[in-house]
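Biologist: Could you take me through one part of this structure up close? I would like to know how it sits among its surroundings, and then where it belongs in the wider picture.

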Amino acid sequence: MSPLGGYGDWEGTVLLSNALGYPMSYTHPSEIMDEIASLTPSFTGVSYAKLDELGSVQWPCNENAPNGTPMMHVDRFVRGKGKFMITEYVATEERAGPRFPLILTTGRILSQYNVGAQTRRTENSRWHEEDILEIHPFDAEARGIVHGDLVSLESRSGDIALKAVISERMQPGVVYTTFHHAKTGANVITTDFSDWATNCPEYKVTAVQVRRTNRPSDWQAKFYEEDFSLTRIAQSLDAAE
Amino acid sequence: MLSVNDKLVRMANQIASFFRSYPEEEAVAGISKHIVAFWTPKMRRNLTDYIDEAGDRLDNLVVRALTEDTSGLESPVREATRDPHLLGAGASDAG
């Protein structure tokens with residue numbers, strides 16, 4: 001697809017850099033690739049001409065491996081035979097209980113990318129128009145939920161509403177949703193727990209409760225209002241008679 | 001809601017849990033190096049100042065890592081590869 005903003009990412013970067021006073025004079029991405037190759041030992045042999053010729057090149061690609069390295073670490077790792085590490089299991093502190101008996105895990109689907117800032121503007125949205133909550137038939141039946149019901153999803157952090165889909169893909173006790181649509185507010189539900197090593201937020205384990213509802217959550221109502229008021233595209237008016 | 005300091009205690013105790021299966025001296029070095037490398041100086045100061053108040057809630061391995069000189073101890077986690085271009089193909093995890 002052609003760039004929606006009229007410029008490729010690299011052109012936007014060049015324009016921004018020039019505007020900020022750091023001149024960039026690239027006229028084609030291949031010139032940027034050439035500069036990367038000149039500065040990165042494992043990319044020395046990479047060029048657009050070679051990429052066109054070979055189709056793809058696996059790094060390292062340099063004087064030792066002119067056509068790249070299809071398979072790395074064939075006989076040895078850099079440090080020899082490798083080193084095994086003990087990786088002690090560090091359990092989450094999130095707990096399910098009477099108020100929040102289900103575990104929510106969030107994830108992605110193929111046709112949308114993360115929060116969808118790019119992919120929701122494309123035809124991909126025909127495949128995934130909204131985030132839905134998948135729930136096992138047992139958990140749904142116990143709550144009087146049928147396919148397509150609007151349900152409230154609540155955790156210790158907050159609550160949102162979204163449509164339920166009954167699915168045996170789920171284990172009983174586990175519900176699932178994606179986080180591709182800002183209006184869903186999946187992050188309103190998730191907690192501030194994170195992993196010890198990288199502080200990556202814990203989006204796979206949140207204790208929740210699910211109930212039928214007939215309205216968006218307060219957070220969603222506020223979000224819709226703000227989203228509408230901040231949209232600068234003029235709303236169409238009825239023609240005057 | 002946990003206080004900021006109690007969140008630091010929780011994070012530090014999780015780091016201690018990860019290193020607990022190593023010999024104690026290595027675990028203390030591993031915890032210390034992780035905290036020095038990835039926490040801000042303010043977080044380290046706050047937790048160090050909070051040791052007495054936290055009492056038993058703060059893992060003893062963390063207390064040792066925060067209060068002892070660990071420069072002579074070896075962490076089980078190796079440092080990242082330096083100068084990968086000098087070590088040969090595949091020495092870098094870049095890409």
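Modeller: Happy to! Please keep in mind that this is a predicted model. Let's look at strand 5 of chain A, which runs over residues 174–178. Four of its five residues are buried, so the strand is largely enclosed by the rest of the structure. Buried here means that 20 or more other C-beta atoms lie within 10 Å of the residue's own.

What does strand 5 of chain A pair with? Its partner is strand 1 of chain A, residues 102–107, and the two run in the parallel sense, joined over five bridges.

Now let's step back to the domains. The assignment for chain A gives domain 1 as 9–54 and domain 2 as 102–230. Taken over C-alpha atoms, the centres of these two domains of chain A are 40 Å apart.

Of the 95 residues in chain B, 27% are buried. Among chain B contacts between residues at least 6 apart in sequence, 70% join residues at least 24 apart.

As for confidence, chain B has an average pLDDT of 87, with 81% of the residues scoring at least 70. Where pLDDT is low, the predicted coordinates should not be read in detail. For the complex, the predictor gives an ipTM of 0.75 and a pTM of 0.74.

Conventions. Residues numbered from 1 in each chain as written. Chains lettered and ligands numbered in written order. Predicted model: local features only at pLDDT ≥ 70, side-chain atom pairs only at ≥ 80, totals over all residues. Buried ≥ 20, exposed ≤ 12 C-beta atoms within 10 Å, placed from the backbone. Pairing = 2+ DSSP bridges. Domains from an automatic or database assignment. Contact = placed C-beta atoms within 7 Å. pLDDT = per-residue confidence, 0-100.
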